[in-house]
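This report is for a reader new to the structure shown below. Please keep the sequence and the model in view while reading.

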Amino acid sequence: MADTPADKTPADNTSAAGTTPAERIPTVVVDGVDIVYRVNGTGAGRGSATAALNRILRRRKSEKAAGVRRVHAVKNVSFVAYRGEAIGLIGTNGSGKSTLLKAVAGLLPVENGRIHTDGQPSLLGVNAALMNDLTGERNVYLGGLAMGMSRAQIKERYQEIVDFSGINDKGDFITLPMRTYSSGMAARLRFSIAAAKDHDVLLVDEALATGDRSFQKRSEERIRELRKHAGTVFLVSHSNKSIRDTCDRVLWLERGELRMDGPTEDVLKEYEKFTGGPDKKAKAKPATPKPAPKAGAAA
Amino acid sequence: MSQVLHTPPPTPKAPATATAGTSPAGHDLAALAARHGLSVSGARPSLPEYVRQLWARRHFIGAFSTAKLTAQYSQAKLGQVWQVMTPLLNAAVYYFIFGVLMNTRRGVEDYVPFLVTGVFVWTFTQSSIMAGTRAISGNLGLVRALHFPRAALPVSFCLQQLQQLLFSMAALAVILLAFGVPPAVSWVLAVPALVLQFLFNAGVAMVMARVGSRIPDMAQLMPFLLRTWMYGSGVMFSIHHMTGPDSNVPSWVGTLLQANPAAVYIDLMRFALIDSFDGSMLPDHVWALALGWALVAGIGGFIYFWKAEETYGRG
């Protein structure tokens, strides 16, 4: 059980919260959460017409016979996040990081347990709302409105967003359709739009990996700034460096279980030992097959 | 790949039972959350709250529909000119086939205006419902990434179709004048007819959005259902003439066909715009019918859609 290392961590302060009542305000309480994906079209028949028919006819019978596979992506995870914390989520591919993040954002249902939040946590990302055929300028407005900003707020921040993205550094590109942008430029604009809003609880999924070196630096700064305004920041990343630079607490998920929860240095040291040193050993244990969560993370 | 996530049972079993060793922690966490007034993530808002949230997102709904409309022709050289060109060309094709080649009037005066009005008004309902069917299932990326009342999507797609129709109506006015239909005060009646039709479309689109989010296969089935509906709604012919006293169709068939919402809205528009299409061709209580359909579909569809709000984006 992953609980043992977790017990010696700041999360444990919840039980000791009585001693320091005023200082720490929880913003996210994750309480024994399980998340299970059910994937259709697996097993016998591999999604053929007969298998689909079979699934419809025997709907109420066993899921396995109907070709539905259960993927237990997150297993009994509990932690408390406090205002002002920046929490890194680490773990090897397919360990449930993005899934947990989506559940905290309220975009995925949990199987067991509850997630309590202060306000509405938001995933940093507006990619889905933007349209490649529209100009950068219109996308700034569209993305802002999609995140729930008012027109006045966007107008106020507009110049800031464009300057931050650096789109206009090499000419007047903001009035061109986004499909004409290089992938790096588009990624920078997306991050700039998403980061324009102040969030109560901000969830960032590997957004720092976009753009060139100077933009990465700027985005790290912006995350730090958001963290000051916002309550709590969650960051999913495979870059131990950006976790070190931005987070003061780290949750380590492995195969859906919370393996460790503690100050950045302690957890990263263990994690690096796990991934860096005995590399072969890590590969010897194949991660649970998990098509669904990664597909969601790409959105 | 299709992936189904079932909604959790309303009362999840206490986590304390699962973690026997650390059982007090479970209670502590729930109590801690309650003490600081945290809300449960991903719960469905109450109906008035939902309406309020939707209203707060009205600018997004407007911007999204306009953006979709604009993006449609942004790759074309003529650009937005196609907004008017497309309905005009459509009308030209119908004129060529029915007006010139077949020279068919089927006992209808001003047949070309009659036909073009019917096609445009029907297209509004048809494409709203089609877009509604895909509103959730076709925008899962958006639904899974951002928080907003999901009803914003079907409503916004219907709004896009309404804007499209307004371009068509401009083209229609030109066609009416070209075919010698005089402009009249009754043209103003097009406005309430359109408002009611929009309400009806939005309601049906919301119903279909919920159905389509659960059963994506509906998008494959809908074109056939819609085409059947079209033939029953008198788009190309006059129900009034086909089922009139001198035809051998029982009269209740005509009454039934004429009371169907698509036929009601099409006939109202023809009544408003075309001089020779007079009140005697309309079914009884036509405005009451139009209003009734709009309210039943609009309110019913909205509530039906809201009932599954927390499940969207998970199927």
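Predicted model: local features only at pLDDT ≥ 70, side-chain atom pairs only at ≥ 80, totals over all residues.

Helix α7 of chain A comprises residues 213–229. At 1.5 Å a residue, its 17 residues should span 24 Å, and the end C-alpha atoms are 25 Å apart, which agrees. Which residues of α7(A) are buried? They are F215(A), S219(A), I223(A) and R227(A). Seen down the axis of α7(A), these buried residues fall within an arc of 125°, so they line one face of the helix. An α-helix has 3.6 residues a turn, so residues three or four places apart point the same way. The buried residues of α7(A) pack against several elements of chain A, including β3 (86–90), α6 (183–194) and β7 (232–236). On the face turned away from the buried side, α7(A) carries the exposed residues R213(A), S214(A), E225(A), K228(A) and H229(A).

Strand β2 of chain A, residues 69–82, is mostly covered, with 10 of its 14 residues buried. Strand β1 (residues 26–39) of chain A runs antiparallel to β2(A), and 10 bridges join the two. One of the bridge partners in β2(A) is Y82(A), which pairs with P26(A).

N76(A) lies in strand β2 of chain A, whereas R255(A) is in the loop between β8 (249–254) and β9 (257–263) of chain A.

Methods
Residues numbered from 1 in each chain as written. Chains lettered and ligands numbered in written order. Helix = DSSP H or I, 4+ residues; strand = E, 2+ residues; numbered from the N terminus. Expected span 1.5 Å × (residues − 1). Buried ≥ 20, exposed ≤ 12 C-beta atoms within 10 Å, placed from the backbone. Arc of directions from axis to C-beta. Contact = placed C-beta atoms within 7 Å. Pairing = 2+ DSSP bridges.
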